[in-house]
Amino acid sequence: MTDQPQPGGIGTIGGRPVARVGYGAMQLFESVTVDDAAAVLRRAVELGVNHIDTASFYGPGEVNRRIRQALAPYPDDLVIVSKVGARWTGEDPIPLAAAQRPAELRAAVEDDLRQLGLECVPVVNLRRMDLGPGLEPEGDQIVDVDDQLAEMIALRDEGKIGAIGISAVPVDVVQRALPAGIVCVQNPYSLLDRSQEATLELCVAEGIAWVPYFPLGSALPGFPKVTDDAVVAEIAGELGVTGAQVGLAWLLAHAPNTLLIPGTRSIRHLEENLGAASVTLSADAVARLDAVSSPQPVHR
């Protein structure tokens with residue numbers, strides 16, 4: 001455990017208290033040495049991060065192994081969250097393929113347990129492919145969400161996972177998943193992409209953690225970058241902070257159940273991201289950001 005205050009204050013996921021600003025580990029594979037990955041992970045924990053997001057299909061498995069090497073034995077308060085529903089291919093431009101069948105979900109959880117050295121993964125997200133970008137299921141990879149959730153519930157009942165989340169899903173699928181007791185939703189969402197606002201509102205009403213991916217946009221086509229927005233840049237200049245910090249601070253201010261997991265390979269960027277938790281947006285700044293409009297990406 002750390003004596004550092006937890007960035008952004010305290011939220012919850014799966015009944016566990018976590019800092020509202022966590023860390024997404026996806027980038028800790030390509031172009032990163034084992035030592036550099038360990039340095040980033042250890043610095044995150046030093047600065048109060050106790051929510052780390054990963055997946056066995058990052059690498060494949062290499063990110064999980066690096067987390068274990070850097071942080072095991074794990075701090076008592078650390079919550080590792082994984083996801084299942086894809087497999088690593090290494091192909092361009094997207095190095096993943098669908099792995100949506102129940103047996104594949106179970107195999108991925110077993111991979112997580114082995115690679116991370118855990119007896120139970122605290123939270124595992126079912127990564128559907130209802131929303132873009134990229135992957136689309138075909139053939140036997142088109143699986144009904146109820147069949148997938150039945151397998152996830154079985155894994156929870158067996159003690160292999162602690163709680164169930166769901167990812168890349170529209171609001172109607174979240175509603176179907178509610179009886180499974182889901183604890184978090186991971187969907188694309190940012191200041192400039194609020195197409196999932198109805199899903200966020202449902203999560204607020206149900207007390208479900210909202211964990212946006214692409215919180216600052218994406219380099220992928222159709223995802224505008226928050227840091228390129230003129231209003232964001234103006235407010236950042238007024239506050240003496242970065243545009244990224246303004247974009248992340250807006251997300252924290254926008255909904256109380258928001259948990260952030262920005263990823264980076266760099267300790268400097270890690271510290272910048274965590275610094276967003278200390279950025280206070282005035283009511284005027286929030287109103288100006290709320291009024292920002294941008295062409296939103298079309299999620300299939």
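Mentor: Leaving aside residues up to four places away in sequence, Ser82 touches Thr54, Ala55, Ser56, Asp112, Val121, Val123, Val124 and Asn125; contact here means heavy atoms within 4.5 Å. This is a predicted model, in which local features need pLDDT of at least 70, side-chain atom pairs count only at pLDDT 80 or more, and totals for chains, interfaces and linings use all residues. Residues are numbered from 1 along each chain as its sequence is written, and side-chain values use heavy atoms, with hydrogens and water left out.

Trainee: Where is the place of Ser82? Does Ser82 count as buried or exposed?

Mentor: Ser82 belongs to strand S5, residues 79–84. Helices (H or I, at least four residues) and strands (E, at least two) are DSSP runs, numbered from the N terminus. With a relative accessibility of 0%, Ser82 counts as buried; buried means under 20% relative accessible area, exposed over 50%, and partly exposed in between (1.4 Å probe, protein chains only).

Trainee: Now the helices. At what angle do the axes of H1 and H2 cross?

Mentor: Helix H1 (residues 34–46) and helix H2 (residues 62–71) cross at roughly 60°, and their axes come within 9 Å. Axes are lines fitted to C-alpha atoms, for helices over the stretch in contact, and angles run from 0 to 180 degrees between N-to-C directions. That angle makes H1 oblique to H2. Angles under 35 degrees count as roughly parallel, over 145 as roughly antiparallel, 65 to 115 as roughly perpendicular and the rest as oblique.

Trainee: Which residues of H1 and H2 make the contact?

Mentor: H1 contributes Val34, Ala37, Ala38, Leu41, Arg42 and Val45, and H2 contributes Glu62, Arg66, Ile67, Gln69, Ala70 and Leu71. The residues of this contact divide into 8 nonpolar, 1 polar and 3 charged. Here Ala, Val, Leu, Ile, Met, Phe, Trp, Tyr, Cys and Pro count as nonpolar, Asp, Glu, Lys and Arg as charged, and the others, Gly among them, as polar.

Trainee: And how do H7 and H10 pack?

Mentor: Helix H7 (residues 230–239) and helix H10 (residues 283–290) pack at an angle of about 165°, with axes 10 Å apart. That makes H7 roughly antiparallel to H10. On the H7 side, Val231, Val232, Glu234, Ile235 and Glu238 meet Ala285, Arg288 and Leu289 of H10. The residues of that contact divide into 5 nonpolar, no polar and 3 charged.

Trainee: Changing topic: which residues does Arg265 touch?

Mentor: Arg265 sits in the loop between H8 and H9. Not counting residues up to four places away in sequence, Arg265 touches Gln27, Leu28, Glu30, Ser31, Val32 and Val40. The side chain of Arg265 reaches the backbone oxygen of Glu30 at 3.1 Å, and a polar atom of that side chain lies 3.4 Å from the backbone oxygen of Gln27. Both are polar contacts, that is, pairs of N or O atoms within 3.5 Å; within protein, one must be able to donate a hydrogen and the other to accept it, and residues adjacent in sequence count only if both atoms are side-chain atoms.

Trainee: Why does Arg265 count as partly exposed?

Mentor: Arg265 counts as partly exposed because its relative accessible area is 40%.

Trainee: What caps the N-terminal end of H9?

Mentor: Ser266 does so, with a side-chain oxygen 3.1 Å from the backbone nitrogen of Arg268. Within H9 (residues 267–275), the buried residues are Leu270, Glu272, Asn273 and Leu274. Their cover includes strand S3 (23–24), H1 and helix H8 (243–254).

Trainee: Next, the backbone. What is phi of Ser31, and what is phi of Ala168?

Mentor: Phi of Ser31 is near 65°, a positive value in a residue other than glycine. Ser31 lies in the loop between S3 and H1 and counts as exposed at 76% relative accessibility. Ala168 has a positive phi of about 60°, although it is not a glycine. Ala168 is in the loop between strand S9 (164–167) and H5, and at 0% relative accessibility Ala168 counts as buried.

Trainee: Finally, where are Pro60 and Pro73?

Mentor: Pro60 lies in the loop between strand S4 (51–53) and H2, and the peptide bond from Gly59 to Pro60 is cis, with omega near 5°. Pro73 is in the loop between H2 and S5, where a cis peptide bond joins Ala72 and Pro73 with omega about -5°.
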